[in-house]
Amino acid sequence: MILPVPAELISQMAIDLKAHLARRGITEPRFIGIRTGGIWVAQALLRALGSDSPLGTLDVSFYRDDFSQNGLHPQVRPSELPFEIEGQHLVLIDDVLMSGRTIRAALNELFDYGRPASVTLVSLLDLDAAELPIRPNVVGATLSLKPTERVKLSGPAPLILELQDSSLDPAL
Amino acid sequence: MTPTDAKRPLQLNDQGQLRHFLSLDGLNRELLTEILDTADSFLEVGARAVKKVPLLRGKTVCNVFFENSTRTRTTFEMAAQRLSADVITLNVSTSSASKGETLLDTLRNLEAMAADMFVVRHGDSGAAHFIAEHVCPQVAIINGGDGRHAHPTQGMLDMLTIRRHKGSVENLSVAIVGDILHSRVARSNMIALKTLGCKDIRVIAPKTLLPIGIEQYGVKVYTDMNEGLKDVDVVIMLRLQRERMSGGLLPSEGEFYRLFGLTTARLAGAKPDAIVMHPGPINRGVEIESAVADGPHSVILNQVTYGIAVRMAVLSMTMSGQTAQRQFEQEKAQ
């Protein structure tokens, strides 16, 4: 499978996001990236939008629902939200949307800071594998992968997508 | 009895993660740094409007205190609550123990109530180890202070305090002052400082309040306060533990204060930006002058805040280590 080039996706996403926000009448969105890939995508997206809005960062490790199976992620970083959440229109940005569990955790965390007016979900890729009723409002590309395949984003610049297949490489 | 030390230390699981937290002895620098890093991220949670994360939801943390404590007990309670665990606190000294129930029977009863973690404080050295070895292995045991032996969460919160105010401990001069003999805090601090690579660890105390074999901790011993405090970056004062003294160790409190009390004048010998720490409760006018305890060098109240974050880190890491171990054993059985 040939993976899309992130830079090309981002310019289209910027156009789609602008249109989406205009339709909703949102003039002052607050941008939040999910650690780590989501922050890179958010930074690229802000550049494409020509926006100098502050970027909030979220580490959802303390909110994951797989703690009892997988334990604590070894490198949890503090979440930093340099603006109010209460009453604000949020744009939540992630790199790869798979089960939707990360987004659920992120929403739970955001609501501990306040009650946002709305949350718009932006994702570079949607792997069409949702286990929860969570869909992106703006998406770069939708892919269907084999069960053994995974996509990995490296960054922050340039952003590169890479396909990994655990049936070919048992180390994964 | 579970097999332990031969294959791996009691407080680690097969992957080398914490499953109990009994003592800083035997924990390597990477693990101590991981605790501090995790605590750092929990500090941010304490600054939020909602000071709670759902990590330990549905788990039960049981504080079993055989000895009095206010700070340690309440900060452990708060740490567990901020992780969304259910918390019960038992002051055993005032309950069944006085009716003749043994330590093991008390714990077996708590275990039967499906507690996931015990935070234990006990007047006897080694009590937490004993419990970790003899209760069901699924229960994580956290040492909240055992006799003169160890107070590992206090040790780690002191390290976090130093790191946040002074950076890495490696090139700092740190003085621990006062009743070293009875102090589990001093022991945990000396081990933590050494493990984290501190090259200048000093202990300052009268000869009667120094344990035999203190040199094994890699510390320099001073019996003169002014000499010991010269150019230090960090002063850790200890409480004079009158309740553990069986007499004859000190001429009088006044004499102790005159020779080893931390006064503004004495502190002037330390570096100008030195920080002053104390595990609490402080005895004003016995080991520390009020003006110092409340002064600009004092970080005594910051220590309490950091204590909650460190305890959140230790609770979540040991719970995670226990879960991983159970999974590993299940997989092995299949």
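1. Conventions. Residues are numbered from 1 along each chain as its sequence is written, and chains are lettered from A and ligands numbered from 1 in the order in which they are written. Because this is a predicted model, local features need pLDDT of at least 70 and side-chain atom pairs count only at pLDDT 80 or more, while totals for chains, interfaces and linings use all residues.

2. Chain A, elements. Chain A has four helices and seven strands, where helices (H or I, at least four residues) and strands (E, at least two) are DSSP runs numbered from the N terminus. Their order from the N terminus is α-β-α-β-α-β-α-β-β-β-β.

3. Chain A, overall form. The radius of gyration of chain A is 16 Å, which agrees with the value near 16 Å for a compact globule of 172 residues; this radius is taken over C-alpha atoms, and the globule rule is 2.2 Å times the number of residues to the power 0.38. Along its principal axes the C-alpha trace of chain A spans about 45 × 40 × 30 Å.

4. Chain B, domains. An automatic or database domain assignment divides chain B into domain 1 (3–150 + 305–327) and domain 2 (152–300), with C-alpha centres 26 Å apart. In the contact between them, 25 residues of domain 1 of chain B meet 19 residues of domain 2 of chain B, a contact being a pair of residues whose C-beta atoms, placed from the backbone, lie within 7 Å. On the domain 1 side, the elements giving two or more residues are α1 (29–45), β4 (140–146) and α11 (300–333) of chain B.

5. Chain B, sheet. Five strands of chain B form an open sheet in the order β7-β6-β5-β8-β9, with parallel pairing, and two strands pair if DSSP finds at least two bridges between them. The edge strands are β7 (220–222) and β9 (275–277) of chain B, each pairing on one side only. Strand β5 (residues 173–177) of chain B is joined to strand β8 (residues 234–237) of chain B by four bridges, and B:V174 has B:V234 in β8(B) as its bridge partner.

Methods:
Contact = placed C-beta atoms within 7 Å.
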